[in-house]
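This briefing covers the structure shown below. The points are grouped by topic, and each term is given with its cut-offs.

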Amino acid sequence: MTDNPDIVVTEAPHLMTDGDTTLIVMSDVMLALLPAALAGIYLFGLNTLYVIMAAVFTAMAVEAVCLKRVGSFQEVLGDGSAAVTGLLLALTLPPQISPGLAAAGAAFGIIIGKLFLGGLGHNIFNPALVGRGILLAIWPAAMTSYTSPVDGTTAATALGGAEFSYFEMFIGNIPGSIGETSALLLLLGAIYLFFRGRIGWRIPLGYLGTVALLSPLFGADVLIQLLGGGLLLGAFYMATDMVTSPMDDRAKLLFGVGCGLFTIIIRELATLPEGVTYAILIMNALVPLMDRYIKRRAFGEVS
Amino acid sequence: MRREKSFDKGMYIPHHKEYTNEKNITRLLPYPEEVIIPLNQHIGETVDPLVEPGDRVEVGDKIGDLDEFWSAPVFASVSGVVRAVEERPTGTGCDCLSVVIEADEEQPEFQSSVRKDWQSLSIKELKQLLKENGIVGMGGAACPTHINVSADDPVPNLILNGAECEPFLTCDHRMMAEWADKLVKGAQILFKIIQAQDCFIGIETNKPDAIEILEEKTAGLDNFHVVPLDTKYPQGYKKTLIKAVTDKEPPMGARSAEVGCIVRNVGTTIAIYEAVVHQKPLFERVTTVSGPHTVPEAGNYIIPIGTTVRHILTSCGVDLNNIEGHKVVMGGAMTGTAVNTLDAPLTKSDTGVLLLPEEMVNISGEPGPCIRCGKCVDNCPMFLFPNELSLSAEAEDYHEAERLHATECAECGICSYVCPSLRPVVENIVQAKPEAKKIRRSKNK
């Protein structure tokens, strides 16, 4: 009666996975950012490559060592989230910054912004922006000194008052952080992420729409606000971070609007033009509250 | 405007129906040498055995019954001799008091006697016939049908569930295509029992032949409507089906009848026809035996209740020496149960016996943390937050699980299926459900 072969017993569903993994999710984000990163290297020179590598590898290495995941490259790569943090951070840094500072920022981001809070999925704040925020606090001068892609000399950014044509801003041939200048390439990557289902439209639309609507109230040029700084990078790649944005659709829109509101307020009223970084970090802090109180109606729920 | 109706969210998943969707219904041969008939194949109380070891039984004899509303009798599925009445393993992993019958070598056809005058039976008599013949939900729910139709007030909408949204399964499809007459007659019986005004037959559009045949067969019946449904999972879940067909959303905690609907699986409806018109109790059923190239003679078979998985797979040409590392599932691939023994018997509600190969069973990687990607949230047909529910279940915070409506989970499994972190999302929610239900009940008092 017995002699059962060794069959496997697990709980339903038995179509166990659609093949998607966290590593694929993270790879999608990196793939989407690749054009902007390559453009940064092309526009601003070799130092940007070192900065990107320093940030990416430091982020991966720090996380791997802290989690004792150092057996192989596969283990160090892990779910790929540390690499994304490093890449995102690097793309927000000025091109001529020392790779050492980039590495420090990545380490801060991973340790303070992520691991101290419980690791992937538990961090409240976007780790890349935590790293960037800490760098801004310690080395403000190095973090705000930009160079021209044309001749490599120190130059003011569009948000800092320098004048550029909208076309140059769109393709990215302007001073700015490594990966933030080319609106074209950032939009291409965002379209890819959208069609892969990695980002929705609510957060970016709420964010960009709010900035666009409020800019005239402050007497600011809408297109300069949208294209001249880190807004597109922030709206499509940072604010949309899965871990640190809300779950509910309405909350996502609200989150985007909040990011836009704080961005324009900080840009227009504060001394440092760090609207995007702090706006997203502030809104990150509100996500647990939003998640608790903004919930869609469940099927059959009668209020 | 799209012709087919549907519901919100849910998702398109692989059908895997190509192995059996054109296989005509045939009897599984040879007959099993032994059947193991559990005395609890329904939601409700285990029935008492009516036979003892050594007794001779004929196919269709009642062998277990109980004088309780929440129960359904069971019947001998073969002619033979009772060898034991004892606890035996079942597909659920729990043992159940079962009647073991050694089958005769020659199996006679069941002697049915046609009851031509069923129209003259009263509603009460018809309901009684459902119970006497052991009719339960054969789509997987296993709720005794006499309980579903117990309300005295008329229920305006009879909805026949021919969605069959589960991957691999095709038994409902084949029954609709081949036994359309029986289905329509069964529906007319139910129609009378619940005093319905309309009958809707919901069928996913990946079964065009079934839709066509039933449209033909119901052409002359004013109140019968064939409703083509978008082939989206889980369309066959009761609530999503009601939503698709009537555009009404059953309120939380309400029974279907409260929104004017009774939903019945098409296989059950055919069993009702056979019980009432042919006086044939529920002792065998049509079940899909399938798998991705794992079952040489995959098909849709009439199988006696109590036949072991071992006999079913062997009869379909499976070499049991070569299935190490495979998974054997009773029911559908999304919601069925993986059995831990090949001696598990087929029960009234087992829609399928699936043999899934190693490559579907071994997925690389361990569960990771929730990255809040929202895929489960985007696809949950009950509009829940499965990720948060799963976390609350892991923390054993059942009040939180209740607040997040764990009670409403359809258990469709989409959340686990889409999770890039490979988390056992639905498993966690199901585990929290009983406690959440208790909390909700005490709140509603």
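**A loop residue of chain B**

The model is a predicted one, in which local features need pLDDT of at least 70 and side-chain atom pairs count only at pLDDT 80 or more, while totals for chains, interfaces and linings use all residues. Residues are numbered from 1 along each chain as its sequence is written, and chains are lettered from A and ligands numbered from 1 in the order in which they are written.

- Glu105(B) lies in the loop between strand 8 (95-103) and helix 1 (123-132) of chain B; helices (H or I, at least four residues) and strands (E, at least two) are DSSP runs numbered from the N terminus.
- Tyr31(B) is 74 residues from Glu105(B) in sequence, and their C-alpha atoms are 8.2 Å apart in space.

**Chain B overall**

- Chain B contains 14 helices and 17 strands, and 58% of its 445 residues count as buried.
- The C-alpha trace of chain B spans about 60 × 55 × 45 Å along its principal axes.

**A sheet in chain B**

- Three strands of chain B form an open antiparallel sheet in the order 3-5-6; strands pair if DSSP finds at least two bridges between them.
- Strand 3 (48-49) and strand 6 (74-75) of chain B each have a single partner strand, so one side of each is left without a neighbour in the sheet.
- Strand 5 (residues 62-65) of chain B is joined to strand 6 of chain B by two bridges, and Lys62(B) stands opposite Phe75(B) in strand 6.

**Two helices of chain A**

- The axes of helix 9 (residues 183-195) and helix 12 (residues 231-238) of chain A come within 10 Å and cross at roughly 10°; axes are lines fitted to C-alpha atoms over the stretch in contact, with angles from 0 to 180 degrees between N-to-C directions.
- Helix 9 of chain A is therefore roughly parallel to helix 12 of chain A, a term for angles under 35 degrees.

**The A-B contact**

- In chain A, 36 residues are in contact with 54 residues of chain B; contact means C-beta atoms, placed from the backbone, within 7 Å.

Notes:
A residue is buried if 20 or more other C-beta atoms lie within 10 Å of its own, exposed if 12 or fewer, and partly exposed in between; C-beta atoms are placed from the backbone. Angles under 35 degrees count as roughly parallel, over 145 as roughly antiparallel, 65 to 115 as roughly perpendicular and the rest as oblique. Two residues are in contact if their C-beta atoms, placed from the backbone, lie within 7 Å.
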